[in-house]
Amino acid sequence: MLRGLDLDSPQFWGQADYTAGGFSTSVWISSLASTSYELNLVPNYNFAVSENVSIDVGAIFYKYEDTDFGDYVDLTAGVGFGNYYVGYMHTIGSDYDDIDWDYLTFSGEFGAFSALVGY
């Protein structure tokens, strides 16, 4: 299963991360079927506004076997307030066919528990 889809084949994935100062990036790859894959490149920059407030901006570039980088891209932004975080994601890219997809999330840590709600 990948994002709720039954791939009907074994799946393999791997990830590499790099962080320097407020900049971070990760590369994630997964097999989607015996002959296909998904590759994600996720650059991000985070900076503190104050002791308890931080802002981050970034993007997610999706690459599939029959697409180019830039065909599917999500722009991301978020604000952290102590143990709470509000995130926003908007889709761009030539293969989204003029469909605007927006995601809004709210998450928080409460002692030993954490929660995330999204729309």
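What percentage of the 119 residues of the chain count as buried? In this predicted model, 26% of the residues fall in the buried class, defined as under 20% relative accessible area, with exposed meaning over 50% and partly exposed in between (1.4 Å probe, protein chains only). Residues are numbered from 1 along each chain as its sequence is written, and side-chain values use heavy atoms, with hydrogens and water left out. Local features need pLDDT of at least 70, and side-chain atom pairs count only at pLDDT 80 or more, whereas totals for chains, interfaces and linings use all residues.

The average pLDDT of the chain (the predictor's confidence in each residue, from 0 to 100) is 87, and 85% of the residues score at least 70. The chain contains eight strands and zero helices; helices (H or I, at least four residues) and strands (E, at least two) are DSSP runs, numbered from the N terminus. Among these elements, the mean pLDDT is lowest in strand β2 (residues 23–33), at 88, and highest in strand β8 (residues 113–118), at 96.

Strands are taken as paired if DSSP finds at least two bridges between them. Strand β3 (residues 36–48) runs antiparallel to strand β4 (residues 53–64), and nine bridges join them. The two form a hairpin, with four residues between β3 and β4. Within this pairing, Tyr45 has Val57 of β4 as its bridge partner. β4 also pairs with strand β5 (residues 72–81), in the antiparallel sense, over 10 bridges; here Gly58 stands opposite Thr76 in β5.

Of the contacts (heavy atoms within 4.5 Å) with a separation of 6 or more, 22% involve residues 24 or more positions apart.
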